[in-house]
Amino acid sequence: YHMQVNQQDVLDVTMCPSEHEVPGFSLFNFTPRKILWKESPCFVIEMMKDLGFIDTFRIKIDTLARFVLYVKKGYREVPYHNWQHAFSVAHFAYLALKNFQLVEKGYLSKLEALAYFVSCLCHDIDHRGTTNSFQQQSNSVLASLYSSEGSVMERHHLSQTICTLNTEGCNFLDSLSHDDYVKCLDLIKDMILATDLASHYKIHAKQLNMAQEGFNKTNAQHRYYLASLLMTCADLSDQTKDWTETKKVAQLIYAEFFAQGDLEKKMGKEPANMMDREKASIPDHQLEFLRQCCVCIFKILATIFPSAKVLVNAIKQNILCWESSKRIFDKYCVEGKTSYEVLTSEE
Ligand SMILES: Cc1nc2ccc(C(=O)NCC(C)C)cc2n2c(-c3cc(OC(C)(C)C)ccc3Cl)nnc12
Ligand SMILES: [Mg+2]
Ligand SMILES: [Zn+2]
């Protein structure tokens, strides 16, 4: 596991000009996918500087730069679960930390805030563009490693994160006290494992009544539920942006899902409808996912942080857009086009 990151790349990132004042960068409606690939490592450093992590944890910039470059290289060029997804998820963590004032108001400790941002950046490292159930079905190496504990992919993302930290010259956490270091890795473990959809469904009800009871900062369970909620919100943050962004992201997600479905057919398996490019009805599936999964999660967030109401409204706006585009899909699908052809053709 020694992909080379060359010294010049590290220097470029450490010297990145701080005049990265992109208008609206710290607003919820900013779309991080517009940041250039080449410049994204610089923006990660800028965000961490802005969040005060560099000073608080005495982080060496060249070590951090090397870590970020290795993490970026650790992502594969799959349609959705790539570095651009990781960067956009970390950007949402930055927005949440700043706009909800998570540390200032005592919702997260400084260490939890650092763990949250780093977990978002690393939460899908080395994703292959296939689901946990596909790991079992295909008897992948990862399934043999982790299927007894579940959350197969998430355990792999965690292990890749630890490996990257232990790579020569990459451990930017090495100035933390021993206790803080152990605590930080524990938090990263909980946070990355929280991004497994199955884990989310297990604790969703508990997160709901935590929000209704009122978040209690001294309750360790509440702090765990909040950290998990912040991870899933970050992972789904594409859905809180404008319709053009949401539609673009849907094209990427289904490119991945249908590639898996094609693989499953080659393996003689029957893919789920959602993975089958011939059978999937994208608007219906997205409407279900937004109504069943996204809206609920962000409503809980908005119960704790009223300023997150704008995110719920953005998702509701996207639901309306999927409903109106459903009529167009239905018309074209009658003419024999697949859902995906309509999604990728209509401008
Ligand atoms: C736009 C959008 N549509 C989706 C439609 C279906 C599914 C899906 O996995 N269905 C279950 C089947 C595969 C067994 C996920 C979707 N999805 C996610 C997503 C969220 C995840 O997990 C958290 C963050 C915990 C919810 C984990 C992975 C992914 Cl890809 N992100 N955006 C989307
Ligand atoms: Mg994931
Ligand atoms: Zn993700």
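The model is predicted, so local features need pLDDT of at least 70 and side-chain atom pairs count only at pLDDT 80 or more, while totals for chains, interfaces and linings use all residues. Residues are numbered from 1 along each chain as its sequence is written, chains are lettered from A and ligands numbered from 1 in the order in which they are written, and side-chain values use heavy atoms, with hydrogens and water left out.

**Ligand 1 and its shell**

- A polar side-chain atom of Gln286 lies 3.2 Å from a nitrogen atom of ligand 1, inside the limit for a polar contact (a pair of N or O atoms within 3.5 Å).
- On its own, ligand 1 has 670 Å² of accessible area (Shrake-Rupley method, 1.4 Å probe), and the protein covers 82% of that area.

**Pockets**

- Ligand 1 sits in the largest pocket, meaning that more than half of its atoms lie within 2 Å of the pocket's grid points.
- A pocket is an open set of points on a 1 Å grid over the protein atoms alone, with protein on both sides within 12 Å along at least five of seven lines; its lining residues have an atom within 4 Å of a point.
- The largest pocket holds about 910 Å³ of space, a volume being the space filled by probe spheres set on the points, which are joined across faces, edges and corners.
- Its lining has 38 residues, of which His81, Thr131, Leu197, Phe257 and Phe289 are the closest to its centre.
- Two or more lining residues of the largest pocket come from each of H7 (132-137), H9 (152-165), H11, H12, H13 and H14.
- That lining divides into 14 nonpolar, 16 polar and eight charged residues.
- The second largest pocket holds about 330 Å³, and Asp9, Lys38, Pro41, Leu69 and Lys72 lie nearest its centre among 13 lining residues.
- Helices H1 (7-14), H2 (40-50) and H4 (61-74) give two or more residues to the lining of the second largest pocket, which by class has six nonpolar, one polar and six charged residues.

**Cavities**

- The whole structure contains two cavities of 30 Å³ or more, a cavity being a set of grid points where a 1.4 Å probe fits but cannot get out.
- The largest cavity, with about 50 Å³ of space, is lined by residues including Pro32, Arg33, Trp37, Trp83 and Phe87.
- Helix H5 (residues 83-99) supplies the largest share of that lining, three residues.
- The second largest cavity has about 30 Å³ of space and is lined by Ala194, Ser199, His200, Ile203, Tyr224, Ser228 and Thr232.
- H11 and H12 each supply at least two residues of this second lining, which has three nonpolar, four polar and no charged residues.

Notes
A polar contact is a pair of N or O atoms within 3.5 Å; within protein, one must be able to donate a hydrogen and the other to accept it, and residues adjacent in sequence count only if both atoms are side-chain atoms. Helices (H or I, at least four residues) and strands (E, at least two) are DSSP runs, numbered from the N terminus. Ala, Val, Leu, Ile, Met, Phe, Trp, Tyr, Cys and Pro count as nonpolar, Asp, Glu, Lys and Arg as charged, and the others, Gly among them, as polar.
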